[in-house]
Amino acid sequence: MKLQVLCQWQYLFAAILLSLLSSSAAYYDYDAGDDAGGDDGGNQAQDDDAREASFTGDDFIKYWTEYAVLPQKCIHMNNKDVIVYSMYEKYYNHCADKAVGTYMIDVPTFMSAYLEQLELNGADMYGDDYVTPDGTYINCYPYETSSGALYYVQMGCTDGDSQSLSVNIYKDNTCTQHDRNAEGNDDSILDVSDLQPPFQQCTSCVHFVDKNEDDVDDAYFENRYKNAPLCEGIWEYKEKCGMSCKRKGSVKKSGWNASDKLLLSVLFTFSGIMVGFIFKKRSKMSPKDALLEQAALNAVGLQQTHVIGIIAIFCTVSLICLLAGLKGLTWTLLLLISFTLFAYLMKLTIESGLNVPLGPDGQPIGGDESSDDEDDDDDDDDEDAAYQAPTVPSTSKPDVDNLPPII
């Protein structure tokens, strides 16, 4: 009997174990089948691996969500037209923070990536109604004129304008030898005004469009985070921008904005008012104080002309820094000058207050004009009064009868 019960429990335990193993197997078979059938996560991972494997550089970026690019100039460098640009890691700072780096890339590569970005943005915003700009002349292209002459054209830098592109004329089918006219220009009359890089515009690498979640699949936003044709293309084929490139490609920005100019005007006005008060105080300085001040200057080996020369040098250097846009140095010099003028004005003010003599009652001696006027009025009253003879004491003999008795 006991043996029969034990066998029944073994059968029951085996059945439960088999059931668990079957469920587990079914679960893993389901996942495996789903992956084999094209699971989005598995395919996405494979796509990422393929993108990274095809990337020619050693600094692959997977997500472009927070990156931004700032195209600066189109210049001629190393016998080709290139676009100088800076890459930023935080687009929400509007390309005002420190750049990841400044690079250059040939015009055809940049414009091909930019055209692909325009197509992606246009499809998101307008769908099938979007018309892609003509990119025929981005790369070297044969062009025959009405007279039958054959030229080769390609987009490049505009003559005399580093902030735009034109279609340049070349002699060879590789577009390496410019065909310039007598004035040294190689721009054609072909119009590419609708296909221009966003020079001096901080452009986010990822362009988002408001979408209804029912209209897009789950992978839409994930693809947008990773698919940035412009930034990805120019990042992969970038070239380091050296010192010569940066000198040609840098754009001199206006160093003084509206707030800076307002603060500068306040500092200049404040300094001018203090200079006026200083001259007024010095004009009322006593000879003794002037000699003491001169003695103090002589003690440190300076003359009054030296002080004036130092002030003139500081003002000149400040003006040069102001015109050159050196904001940090300009602010430092202006604040130093303003502080020095203020300190000297306070010194003159305190000394002029200490030099007034005081009487026993704590009031300035000789400083109260009303007291002098009152004294003059009293003198005038005394002069205008009638003369009266002084009273003479009586010399009559004293009355002895009224004297007190002597005890």
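Guide: What follows is a series of questions on the labels used for this predicted model.

Visitor: What makes C74 and C157 a disulfide?

Guide: Their sulfur atoms are 1.9 Å apart, and the criterion is a pair of cysteine sulfur atoms within 2.5 Å. The pair therefore qualifies as a disulfide. With -85 degrees about the S-S bond, this link of C74 and C157 is left-handed. C74 belongs to strand β1 (residues 68–77) and C157 to strand β5 (residues 150–158), so the bond ties together parts that are 83 residues apart in sequence. Both C74 and C157 are buried.

Visitor: How do you know that C95 and C202 are joined, and where do they lie?

Guide: The S to S distance is 2.0 Å, and the limit is 2.5 Å, so the pair counts as a disulfide. C95 is in the loop between β2 (80–88) and β3 (101–106), while C202 is in the loop between β6 (161–170) and β7 (203–204), 107 residues apart. The link of C95 and C202 is right-handed, with 75 degrees about the S-S bond.

Visitor: Why is C95 called buried, and why is C202 called partly exposed?

Guide: C95 has a relative accessible area of 5%; buried means under 20%, so the label applies to C95. C202 has a relative accessible area of 31%; this falls between 20% and 50%, so C202 is partly exposed.

Visitor: What ties C140 to C175?

Guide: C140 and C175 form a disulfide with their sulfur atoms 1.9 Å apart. C140 lies in the loop between α3 (107–126) and β4 (141–144) and C175 in the loop between β6 and β7, so the bond connects parts that are 35 residues apart in sequence. At 26% relative accessibility C140 counts as partly exposed, whereas C175, at 7%, counts as buried.

Visitor: How many disulfides does the whole structure hold, and what pattern do they follow?

Guide: A search of the whole structure finds 5 disulfides. With bonded cysteines counted along the chain, the pattern is 1-4, 2-6, 3-5, 7-8, 9-10.

Visitor: Why is the pair of Y103 and W235 called edge-to-face?

Guide: The ring centres of Y103 and W235 are 5.5 Å apart and the planes are at 85 degrees. Y103 is in strand β3 and W235 in helix α5, so the pair ties together parts that are 132 residues apart in sequence. Both Y103 and W235 are buried. Ring pairs also link W64, Y67, Y85, Y103, F110 and W235 into a cluster.

Visitor: Which rings does the charged end of K238 sit over?

Guide: The charged end of K238 sits over the ring of Y103, 5.7 Å from its centre, and over the ring of W235, 3.9 Å from its centre.

Visitor: What makes the pair of Y137 and Y141 edge-to-face?

Guide: The centres of the Y137 and Y141 rings are 5.8 Å apart and the planes are at 80 degrees, so the pair is edge-to-face by the criterion of over 60 degrees. Y137 counts as buried at 16% relative accessibility, and Y141 counts as partly exposed at 35%.

Visitor: Which residues have the most contacts inside the largest nonpolar core?

Guide: They are W64, M87, M111, M155 and I234, in a core of 35 residues. Helix α3 gives the most to this core, with 7 residues.

Terms used. Residues numbered from 1 in each chain as written. Predicted model: local features only at pLDDT ≥ 70, side-chain atom pairs only at ≥ 80, totals over all residues. Heavy atoms only, no water. Helix = DSSP H or I, 4+ residues; strand = E, 2+ residues; numbered from the N terminus. Buried < 20%, exposed > 50% of the residue type's maximum accessible area, 1.4 Å probe, protein only. Core = buried A, V, L, I, M, F, W, Y, C linked by side-chain atoms within 4.5 Å. Phe/Tyr/Trp six-rings, centres within 6.5 Å; stacked < 30°, edge-to-face > 60°. Lys NZ or Arg CZ within 6 Å of the ring centre and 35° of its normal.
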